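Subject: Handover of a structure and notes on its salt bridges

Dear colleague,

Please find below the structure that I am passing on to you. My notes on it follow directly after.

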Amino acid sequence: MRFRSAFLLIAVSAIALSPAGAQRRPPTPEQRIDRLEHQVRQVQKQVFPKGQPADTAGFSDDPAATQDSVNSLNSRLDAVERQLADILRQSEENGNRVAQMEAEVARLRADQDRRLRALETGPATDDTATGGQDSAAATEEAAPPPTRPKIEKAEAKPAALTPAIGADPAEAAYDEGFQLWNSGKYDAAIKSLQAFTKKYPDHRRTSWAYNLVGRAMLDKGQPRAAAEALLANYRSNPKGERAPDSLFYLGQALVKLGQAAQACKAYGELQDVYGATMRAQLQQQLPAARAAAKCG
């Protein structure tokens, strides 16, 4: 009986201790992994309440980028490439159009310059029709530079023009100013010629009048005012009939102002711009004028 009682006690103890022993056993790897996955899911729910991102280390079988998104990106890239190709094509077409327009403008300018030079160098056709109205112009062309002492008064003075029936009143107005200049009445000549330019701003004699105003200022001993007037006439109308004369007498005025270097630049520009198209008297006077200014 004593032996049986001891055996029963041991058996009861073993039964009582078996659950505790089972609880103390270490968890298997699968259990640990399940527990970690559960914890990670709980953390992701707290960090990403709206759902985990595509690149999260979750356990979802969905890829980070679906095939639909890849196709959408490809189509957008194709559209951008087509638009870029269209822009490049339009840019090349516009460049070709601009080049053609520039060539046409250059051709028109060259043609216009050729026609203007032909008109400037060609013989005047209205001398006979005006009944000798260019006699004052011929006298002005024959007048030497203003460096000589009052030679104009010693020259033969043409008679004043009397406008005939049908004559151009602008020609008579210009001749009036010229006769005053030729008589040495420079202030009256300047006033008369300035009135002419205001009344007939588009007449062919306007370039002549502005040039003669500068020469009158130069003759009366005002080289600075003369230089300003002559330079303005050349710059405002370089195609005018007396633009080369204004450039020549600008050099004369600059010499009187003690600016020989600037005078040489004016003479050089006269030669470069007009060359053989300038009238013969200027071509004859230019070498002496350059020598007086000591141009190289």
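I begin with E241, which is partly exposed, at a relative accessible area of 32%. Please bear in mind throughout that the model is predicted. The side chain of E241 forms a salt bridge with that of R204, with an N to O distance of 3.0 Å. This pair joins distant parts of the chain: R204 lies in the loop between helix 7 and helix 8, E241 lies in the loop between helix 9 and helix 10, and 37 residues separate them. R204 is likewise partly exposed, with a relative accessible area of 27%.

A second salt bridge connects the side chains of D187 and K220, at 2.2 Å from N to O. Here too distant parts of the chain are linked, as D187 belongs to helix 7 (residues 186–199) and K220 to the loop between helix 8 and helix 9 (223–236), 33 residues apart. D187 is exposed, its relative accessible area being 52%, whereas K220 is partly exposed at 31%.

The third pair has another setting. R242 and D245 meet through their side chains in a salt bridge of 3.9 Å, N to O, and both residues are buried. For D245 the relative accessible area is 2%, and because buried means under 20%, this residue falls in that class. D245 is placed in helix 10 (residues 243–256). Apart from neighbours within four places in sequence, D245 is in contact with N211, R279 and L282. Between D245 and N233 the C-alpha to C-alpha distance is 9.8 Å, at a separation of 12 residues in sequence.

Elsewhere, D86, R89, E93 and R97 are linked in a network of salt bridges. The count of salt bridges comes to 10.

Finally, a word on confidence. The protein chain has an average pLDDT of 76, and 68% of the residues score at least 70. Confidence is highest in helix 8 (residues 206–219), at a mean of 95, and lowest in helix 5 (residues 151–154), at 36. The pLDDT is below 50 over residues 123–133, a stretch with 10 contacts in the model beyond near neighbours in sequence. Over residues 146–166 the pLDDT also stays under 50, and the model has 33 contacts beyond four places in sequence for this stretch. Where pLDDT is low, the predicted coordinates should not be read in detail.

Yours sincerely

Definitions and conventions: Residues are numbered from 1 along each chain as its sequence is written. This is a predicted model: local features need pLDDT of at least 70, side-chain atom pairs count only at pLDDT 80 or more; totals for chains, interfaces and linings use all residues. Side-chain values use heavy atoms; hydrogens and water are left out. Helices (H or I, at least four residues) and strands (E, at least two) are DSSP runs, numbered from the N terminus. Buried means under 20% relative accessible area, exposed over 50%, partly exposed in between (1.4 Å probe, protein chains only). Contact means heavy atoms within 4.5 Å. pLDDT is the predictor's confidence in each residue, from 0 to 100. A salt bridge is a side-chain nitrogen of Lys or Arg within 4 Å of a carboxyl oxygen of Asp or Glu.
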